Amino acid sequence: MKKILAFLVCPLLAFAQTEQDPVKEKAARIHAKALVIDTHADVPINMMKDGFDVALEHDYEKDGTQIDFPRMEKGGMDGMFFAVYMGQGRRTAVANAEAKTKALAIFDKIHEAVRLHPDVAGIAISSKDAYRLQKQGKRAVFFGMENGWPIGNDLNNLKMYYDQGLRYVTLSHSANNDICDSSTDPDGPEHNGLSVFGEEVVKEMNRLGIMVDISHVSDSTFYDVIRLTKAPVIASHSSCRALCDVPRNMTDDMIKTLAGNGGVIQINFVPSFVKKPAQDQELSMKAIRLKMRQTDLSEADKKELAAELKANSKKYEKDLPTVADAVNHIEHVIKLTSVDHVGIGMDLDGGGRVQGLNDVSEVRTITEELVRRGYSEKDITKIWGGNIMRVLNAAEKAAQTK
Ligand SMILES: [Zn+2]
């Protein structure tokens, strides 16, 4: 009644009331309907800490965390690949066994969190699970493993992790391992791509239906994987080197090759992969990250370094890339290939953050930016979850066809 009255009095006012922001309204509608999936969530790092409960809502401003079930729900984030992450350590039999024990402890922790909250979340191992959980209004928890180090030198471990729910492995992290070369090992290449064992790892992943993740690996590892794989592969959290020239990002040729293989690149929101930082900022960040990579750090050391990192990013806050900068990477992939080969893997809780997106509760801003640029509901649905689910299905199918 009031609206009608306002319309009679002042048509413009009525328009303002009902059509507050058409972009936001349209984006909210599309976002609510689409299956929204992010392929790289480092929340298990927090889950392994005493006192962090993934079922409780946290505040980014207070503790710097970016993911929990309530904030996923707030952001309309239907599912995430929780990363069983392990920074590369020594490659001895003893260290490999320790890595395996730690990896299994992370799997246990994630399974436990979901078991404790069956009304809020469920484990997903297939696209069917994800769509079912979306319908039930629950968060889908997928498993990815960042760094193949816990595979050690034993292919049987892959089947064991698969049975735990694992559906992708990032072959390496920041350093070379027994599987392949990393894009960022300070000592340069060691195998010139995949090792002989790495080839067996890719074949076994294909056989089981675990997606091969080529984020972090060197360019030559990428091309070796593409030559060998029987299923489409993913980059779970990588951006475009043409827009931000760092070895961790993919070249245009790699992106086109990935698309030719039927795979998908999931855009990473780590600021230094979205937009090249000023040199002084880059150097100070590098110095801190290098210190953080030491394996013999005490809890006090770790806390101190985390504080140092936080102070440093505060200093450069105004230079932080925006959601639009990150969406430029999505658009770049679409222009190079098509809308079928790009998705989102923000690396939240692992360094991902842009202006306007502090945590997972704010991901609608990405959808808004896509709507603003004229992308259709169909396109956005592919970007948010359709593409990655297609690739997961393809990996499953390839495993079944011998
Ligand atoms: Zn990573």
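**A bent helix and a zinc site**

Tutor: Let's start with helix 18, which bends by about 60° at I383. Keep in mind that this is a predicted model.

Student: How many residues does helix 18 have, and what does it reach from end to end?
Tutor: Helix 18 covers residues 377-400, which is 24 residues. From its first C-alpha to its last it reaches 32 Å. That is close to the 34 Å expected at 1.5 Å a residue.

Student: Which residues of helix 18 are buried?
Tutor: I383, where the bend sits, is one of the buried residues. Others include I380, W384, G385 and N387. Further along, the list includes L392, A395, A398 and A399.

Student: Switching topic. What coordinates the zinc ion?
Tutor: E146 through OE, and H216 and H237 through NE2. The distances run from 2.0 to 2.2 Å.

Student: How are those donor residues spaced in sequence?
Tutor: The pattern is E-x69-H-x20-H. E146 and H237 are 91 residues apart, so this pair links distant parts of the chain.

Student: Where do E146 and H237 sit?
Tutor: E146 is in strand 4, residues 139-146. H237 is in the loop between strand 7 and helix 12.

Student: Buried or exposed, those two? First E146, then H237.
Tutor: E146 is buried because its relative accessible area is 3%, under the 20% cut-off. H237 is buried too, at 0%.

Student: What about N147, where is that?
Tutor: N147 lies in the loop between strand 4 and helix 9. Its phi is positive, about 100°, although N147 is not a glycine. N147 is buried, at 0% relative accessible area.

Student: And D349, what is its phi?
Tutor: Near 65°, a positive value in a residue other than glycine. D349 is found in the loop between strand 9 and helix 17. With a relative accessible area of 14%, D349 is buried.

Student: OK, at what angle do helix 14 and helix 15 pack?
Tutor: About 165°, with their axes 10 Å apart. Helix 14 is residues 279-292 and helix 15 is residues 299-315.

Student: Parallel or antiparallel, then?
Tutor: Helix 14 and helix 15 are roughly antiparallel, because angles over 145 degrees count that way. Helix 14 passes helix 15 in a left-handed crossing.

Student: And helix 7 with helix 9, at what angle do they cross?
Tutor: Roughly 15°, and their axes come within 11 Å. Helix 7 and helix 9 are therefore roughly parallel to each other, since the cut-off is under 35 degrees.

Student: Left-handed or right-handed, that crossing?
Tutor: The crossing of helix 7 and helix 9 is right-handed.

Student: Which helix holds E112?
Tutor: E112 is in helix 7. E112 is partly exposed, with a relative accessible area of 34%.

Student: How many residues apart are E112 and K382?
Tutor: They are 270 residues apart in sequence. In space they are 31 Å apart, C-alpha to C-alpha.

Student: Last one. Where is V201?
Tutor: V201 lies in helix 10, residues 196-208. V201 counts as buried, at 0% relative accessibility. V201 and V212 are 11 residues apart in sequence and 9.3 Å apart in space, C-alpha to C-alpha.

Methods:
Residues are numbered from 1 along each chain as its sequence is written. This is a predicted model: local features need pLDDT of at least 70, side-chain atom pairs count only at pLDDT 80 or more; totals for chains, interfaces and linings use all residues. Side-chain values use heavy atoms; hydrogens and water are left out. Helices (H or I, at least four residues) and strands (E, at least two) are DSSP runs, numbered from the N terminus. The expected span of a helix is 1.5 Å times one less than its number of residues. The bend at a residue is the angle between axes fitted to the seven residues ending there and the seven starting there. Buried means under 20% relative accessible area, exposed over 50%, partly exposed in between (1.4 Å probe, protein chains only). Donors are N, O and S atoms within 2.8 Å of the metal (3.2 Å for Na, K and Ca); water is not among the atoms, so sites may look incomplete. Axes are lines fitted to C-alpha atoms, for helices over the stretch in contact, and angles run from 0 to 180 degrees between N-to-C directions. Angles under 35 degrees count as roughly parallel, over 145 as roughly antiparallel, 65 to 115 as roughly perpendicular and the rest as oblique. A crossing is left-handed if the near helix is turned anticlockwise from the far one by less than a right angle, and right-handed if clockwise.
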